[in-house]
Amino acid sequence: KVAIKGIERELICPACKELFTHPLILPCQHNVCHKCVKEILFAFEDSFADGGSESSNQSSPRIRISASSMDKIDRINRSGRKRNSLTPRSTLFPCPSCQRDIDLGERGINGLFRNFTLETIVERYRQAARAAIAIMCDFCKPPPQESTKSCMDCSASYCNECFKIHHPWGTVKAQHEYVGPTTNFRPKILMCPEHEMERVNMYCEICRRPVCHLCKLGGGHANHRVTTMSTAYKTLKEKLSKDIEYLISKESQVKAHITQLDLLLKETECNSERAKQEASHSFEKLYHVLEEKKSAALRAIETSKSIRLEKLQTQVEEYQGLLENNGLVGYAQEVLKETDPSCFVQTAKQLHIRIQKATESLRSFRPAAETTFEDFMVDTAKQEDILGDLSFHSNGLEIPEINEEQSRIYNKALISWECPGKTDSADIYVLEYHKLNKEEESVTWQKTEVCGKSKIVSDLDDDSSYAFRVRGYKGSTCSPWSREVIMRTPPAPVFSFLFDDKCGYNNEHLHLNPRRTSVESRAGFPLLLGSERLQVGCYTTLDYIIGNTGIAKGKHFWAFNVEAYSYLVKVGVVPSNKIQKLFHNTHDVTSPRYEQDSGHDSGSEDAFFDSSQPCTLVTLGMKKFFIPATPAAPKDPESRILPLPSCLGICLDCDRGRVGFYDAGRMKCLYECDVDCSGLMYPAFALMGGAAVHLEEAVTAKYREYHDDV
């Protein structure tokens, strides 16, 4: 048998820190007492009514209100509903275990399942804890007698005499199910919270919860993947049993890790004391100058020690929970005793995930914290006149390097860095940046702390150059600054649009990706069939596509990439009043001067050809950028051909009537000309043969999503 007292850690509510009372299963699969959920919801309302200040929430220090949560509660308060003293009106709160925002929906607490399996295990624990403390009869006249049985149908406890009185022979009550004395009364059938008259008989693999047939037919699980309760019960029980058997078979390894962690705890204590003594001795030599820095160093060591001890102690407790009859394993063994498939399934999924994580950590064991404090050594050999600017550089802390290939500036700046040794030796990084301005004599760096190895910087000025640098910190030590990297912002605010798949779009020649951010021209049979009837001349048409959003005024910038294999691509802008002419202009590529029957090769038609074009475009292709032939352009054709940049940009200034074409990587203008901006202006692209254009994606913050299977 499992020693029930060894699993107390699994039976504690994360909110009240006491044994669970009527635990409810939250959508994130964590358990919280019914009364705790109501108290947290009420606390949210009170905190919002008091302005969300920290002082108004001192009685519930564990509750942290996010900005999104405050916005939702604000909408609830403005709705004008009156508060019920028994039922909270808010349905949003953070899970006390994972701090994720939980939205209970319209049904609120009534839409949550009660965890009867956990409730049964808690009751067994309570009985083992109180041992000889008896459960008294609920119907005896004072003084009450000790109960001998409990009726599961009546949800009450009886002594022998009272049981006979209330369950007379030959009546319906005589058929009630009775058990030994208990305070845990659970229903025989698990009913659906949303459809109270229906029993749950299926398991939703998407939401990971039991559902009834009405939920599947027309409820919130209509389009979800479900399985039978017996199948889910069998699958989860097999997986959980297999993982528990593996952990039990590794009990000797767990004990060895616990012994090692105990030694590391003692070693950490000794080394931290030694480090504090050496730091104190070093600072005492220069006491008057270094008094403040001495206190800071001691605080840093103490903080580091506390963090490491906490990590190691937590790791010890986690591994103790893997021993048989203790913690997680003991709790899992108790769950395996559950025979009701519905109750077992609603508890076993989250437990199985925790067992899997414990199994993975057992296979790749490593201490949660280091025991050495070598990085806290202070060099006292420097002169007193430079002690005011003393910094604790560590030779073992690598200098980070900004990765210019992964870093980019578009609508925002994305700065990425890495360490030469590819190891994350620093605890945090500090990124600094400032705008390059020749007129300013002193430089003011803006600073931001980063836990990872990349940072998105917003609110940068347009058409400006910025210097970026980064350094790593480990405790109170830091690395030298990285090499400064200069990057330039676009000349105007970024203009966002997608390719238009309706206006003039030729789906026989062009192919759009589902997001409409990439377009590809395929030189296939349609192009050959279109050219089959031609015997002379070179009237090959371009396939045009425009952006789905127009520009009426102001200055805007957008960027894109042209594939290196592209044969011919034209990019630029087109006014709205010439779009129809653009898509009906069938002879775009060649001039009549090149026809075999034109009768001359003087090129005098070029002026008419250029002036008749409905839009302003430049030509790209074969890894080249072609500057248009204008009076101001160089006469030598070779000097008008430039290498094709990896990323191109277009800057349209409607107020000045100018359009510029840029190397977006360096934000350098390659060509600029006048343009008629009398109407709405649209980004325009033309492709011929094998070619592809990809719009530059905006820099946005990326969030990790948690995916899980049944």
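Here is a short briefing on a sheet, one of its strands and a pair of helices.

This is a predicted model, in which local features need pLDDT of at least 70 and side-chain atom pairs count only at pLDDT 80 or more, while totals for chains, interfaces and linings use all residues. Residues are numbered from 1 along each chain as its sequence is written, and side-chain values use heavy atoms, with hydrogens and water left out. Helix and strand labels are DSSP runs numbered from the N terminus (helices are H or I with at least four residues, strands are E with at least two).

**The sheet**

- Seven strands make up an open sheet with antiparallel pairing, in the order S21-S22-S33-S24-S29-S30-S31; two strands count as paired if DSSP finds at least two bridges between them.
- Its edges are S21 (510–512) and S31 (668–674), each of which pairs on one side only.
- On average, neighbouring strands here are turned by 20 degrees against each other, direction ignored.

- S29 covers residues 648–653, and six of its six residues are buried, meaning under 20% relative accessible area with a 1.4 Å probe, protein chains only.
- Both faces are covered: Leu648, Ile650 and Leu652 lie on one side, with Gly649, Cys651 and Asp653 on the other.
- S24 (residues 555–562) runs antiparallel to S29, joined by six bridges, and His556 has Leu652 as its bridge partner.
- S30 (residues 658–663) also pairs with S29 in the antiparallel sense, over six bridges; here Gly649 stands opposite Tyr662.
- The S29 and S30 hairpin has four residues between the strands, and Gly657 takes a positive phi near 70 degrees.

- The axes of H6 (residues 229–249) and H9 (residues 327–336) come within 11 Å and cross at roughly 145 degrees; axes are lines fitted to C-alpha atoms, for helices over the stretch in contact, and angles run from 0 to 180 degrees between N-to-C directions.
- Which residues of H6 and H9 meet? Lys237, Leu240, Ser241, Ile244, Leu247 and Ile248 in H6 meet Val329, Ala332, Gln333 and Leu336 in H9, where contact means heavy atoms within 4.5 Å.
- The residues of this contact divide into seven nonpolar, two polar and one charged; Ala, Val, Leu, Ile, Met, Phe, Trp, Tyr, Cys and Pro count as nonpolar, Asp, Glu, Lys and Arg as charged, and the others, Gly among them, as polar.

Technical notes
Buried means under 20% relative accessible area, exposed over 50%, partly exposed in between (1.4 Å probe, protein chains only).
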